[in-house]
4 protein chains.
Amino acid sequence: MAAHASASPPLQDHMRRMLRAHPAPVALVRDEGGLVECVEACFDCAQTCSACADACLAEEMVAELRACIRLNLDCADVCDAAGRILARQTAADPPFVRDLLRACLAACQACGAECERHAAHHEHCRVCAEACLRCEAACQQLLDALPVASRARGDYVP
Amino acid sequence: MAAHASASPPLQDHMRRMLRAHPAPVALVRDEGGLVECVEACFDCAQTCSACADACLAEEMVAELRACIRLNLDCADVCDAAGRILARQTAADPPFVRDLLRACLAACQACGAECERHAAHHEHCRVCAEACLRCEAACQQLLDALPVASRARGDYVP
Amino acid sequence: MAAHASASPPLQDHMRRMLRAHPAPVALVRDEGGLVECVEACFDCAQTCSACADACLAEEMVAELRACIRLNLDCADVCDAAGRILARQTAADPPFVRDLLRACLAACQACGAECERHAAHHEHCRVCAEACLRCEAACQQLLDALPVASRARGDYVP
Amino acid sequence: MAAHASASPPLQDHMRRMLRAHPAPVALVRDEGGLVECVEACFDCAQTCSACADACLAEEMVAELRACIRLNLDCADVCDAAGRILARQTAADPPFVRDLLRACLAACQACGAECERHAAHHEHCRVCAEACLRCEAACQQLLDALPVASRARGDYVP
């Protein structure tokens with residue numbers, strides 16, 4: 001361990017630094033900040049939703065939280081895939097990014113709305129609705145920033 | 001291990017049997033077979049793409065396979081999320097299924113087309129193109145079978 | 001789609017064919033068959049467990065199936081990671097494979113035992129116990145087949 | 001969207017707040033801080049490793065970074081599974097947590113050491129080695145904090 005240890009404390013902001021350190025420029029959008037925010041919001045939402053599913057499962061009224069748990073798990077799966085894919089910059093801008101962002105936005109919307117219904121009774125749902133809302137907004141902003149070219153299908157030459 | 005071992009040999013066809021054993025009926029589509037095929041095609045494609053990324057990485061001409069590896073990893077991520085989500089039948093038919101299927105179909109199309117370009121030289125790309133093609137067709141069939149109601153957004157009541 | 005379509009019907013057995021088509025030889029174990037079986041068992045178990053979590057969630061007695069759902073989700077996560085990692089053959093035999101196999105085996109054991117308890121009442125738990133048992137056995141066989149060298153940590157030179 | 005929007009800006013620190021909001025107490029360890037740090041370090045490492053694989057893939061010397069990419073992908077898979085599982089508190093302390101933590105620690109060690117070798121030439125490897133080191137330390141601390149009871153297998157009653 002000593003061999004690869006650095007003396008400095010663990011630094012944060014890893015994703016922003018990774019996207020900047022990539023040998024290829026950010027090709028997906030001009031606004032690097034919007035991409036970083038969306039990637040981070042996707043991963044944050046994926047984790048929060050996964051934890052919310054587990055917290056709902058432990059609630060006494062679990063039977064009434066079935067739809068919430070299901071949407072939590074779905075949202076976690078879509079957000080995790082979106083985060084990984086958006087963070088890739090090699091051979092960038094694949095033709096399915098727009099549909100994936102739409103699916104991610106809609107998953108956050110559905111999960112966030114359901115969590116919001118339970119927010120008054122369950123703090124974990126309140127926090128999760130927050131994460132969904134942030135991710136939904138980030139997906140919308142990135143969708144708006146995507147170049148028109150990538151809106152059409154079939155124009156991708158890797 | 002003996003405690004929970006059954007004497008019979010491990011049976012296959014687990015996904016079909018799981019979807020049938022679900023306490024809620026298949027609500028997403030009327031044709032159970034189309035759903036099973038799509039779930040299985042998604043998981044099969046996810047695994048094959050993940051393995052193809054690794055096989056491409058070991059090729060001497062890896063530098064020319066960058067786009068292929070990237071699309072392999074993307075396709076694996078989208079297909080895995082789609083497989084998990086489509087297999088869920090609790091509080092079924094969430095409003096993002098259509099966009100997710102579209103993203104999955106487009107990812108299989110892009111990855112399959114790229115793999116097909118290398119199919120003559122790399123058997124793993126040939127096998128992967130096959131898996132992508134199967135998954136693309138299964139997504140298209142499921143999209144066609146989805147009820148019109150789920151085409152509009154915002155009409156989902158969990 | 002026609003551009004990259006092959007006339008033949010979708011073939012199966014993709015994972016076995018992928019592992020054989022890899023440019024690097026199978027370095028992890030001498031018995032290729034044991035590796036293929038373990039990779040397939042891991043992915044099959046991951047999918048079945050994910051579906052069992054959802055089926056349990058829809059049961060009337062969901063409150064009594066909390067531990068089962070939690071173990072289902074855990075087992076799905078470990079098996080999915082194990083399947084992906086074991087299928088990689090580039091720079092093979094990383095030093096964490098043994099611990100990962102042990103964790104996967106133990107997750108299958110715990111999840112299978114819990115599912116077995118509900119097998120009489122829930123067909124999905126019976127099928128899931130089957131998938132867990134198969135994966136547990138495949139992990140044990142692969143663990144037994146691993147060369148002694150990889151048992152020690154710190155001897156890995158990528 | 002307005003329906004479930006809160007006026008406040010998106011708050012951070014979601015994982016810590018989720019773990020605190022869980023209806024079941026943290027059963028895995030007495031030190032909540034150590035658990036939160038480990039979950040966050042796992043997810044951070046998974047994301048950073050996934051991004052490092054992509055950045056390595058775009059490097060001119062990609063052929064020399066094969067082992068790094070493979071270990072990046074492996075480490076991402078193990079860390080992601082570990083993060084999800086550790087964040088669950090329902091029916092807590094499953095018997096495979098110790099092996100999983102060991103596998104995660106070893107994956108971070110191997111990936112971090114390989115990235116460290118390229119840190120002088122590739123900033124993304126330097127950042128990734130940092131994330132691996134942090135996660136390795138967090139896993140070690142959590143392993144040390146685990147109660148003795150969970151060290152033995154087979155003593156788990158869900």
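## Basis of the model

The model is predicted, so local features need pLDDT of at least 70 and side-chain atom pairs count only at pLDDT 80 or more, while totals for chains, interfaces and linings use all residues. Residues are numbered from 1 along each chain as its sequence is written, chains are lettered from A and ligands numbered from 1 in the order in which they are written, and side-chain values use heavy atoms, with hydrogens and water left out.

## How chain A and chain D are related

Two copies of a chain are related by a rotation about an axis and a shift along it.

## The interface of chain A and chain D

Where contact means heavy atoms within 4.5 Å, 48 residues of chain A are in contact with 47 residues of chain D. Because 98% of the interface residues of chain A are also interface residues in chain D, the copies meet through the same surface. The area buried between these two chains, which is the accessible area (1.4 Å probe) that two parts lose on being put together, summed over both, is about 4300 Å², and carbon and sulfur atoms give 61% of it.

Between chain A and chain D there are 4 salt bridges, a salt bridge being a side-chain nitrogen of Lys or Arg within 4 Å of a carboxyl oxygen of Asp or Glu. A:Arg17 forms a salt bridge with D:Glu130, with the closest N and O atoms 3.0 Å apart. The side of chain A that touches chain D has, by class, 21 nonpolar, 13 polar and 14 charged residues; here Ala, Val, Leu, Ile, Met, Phe, Trp, Tyr, Cys and Pro count as nonpolar, Asp, Glu, Lys and Arg as charged, and the others, Gly among them, as polar.

## The interface of chain A and chain B

The contact between chain A and chain B takes 32 residues from each of these chains, and about 2600 Å² is buried between them, 68% of it on carbon and sulfur atoms. A:Arg70, A:Arg88 and A:Phe96 supply 26% of the area that chain A buries against chain B, more than any other three residues.

The count of salt bridges here is 6. In one of them, B:Asp77 is paired with A:Arg84, and the closest N and O atoms are 3.5 Å apart.

## A helix and a buried residue

Helices are DSSP runs (H or I, at least four residues), numbered from the N terminus. Buried means under 20% relative accessible area (1.4 Å probe, protein chains only), and because 6 of the 8 residues of helix α1 (residues 14-21) of chain C are buried, this helix is largely enclosed by the rest of the structure. Its buried residues include C:His14, C:Arg17 and C:Leu19, and the buried residues of α1(C) pack against α2 and α5 of chain B together with α2 and α3 of chain C.

D:His124 lies in helix α5 (residues 123-145) of chain D, and it counts as buried because its relative accessibility is 0%. Leaving aside neighbours within four places in sequence, D:His124 is in contact with residues including A:Met18, A:Ala21 and A:Pro23, as well as D:Cys52 and D:Glu59.

Conventions
Buried means under 20% relative accessible area, exposed over 50%, partly exposed in between (1.4 Å probe, protein chains only). Helices (H or I, at least four residues) and strands (E, at least two) are DSSP runs, numbered from the N terminus.
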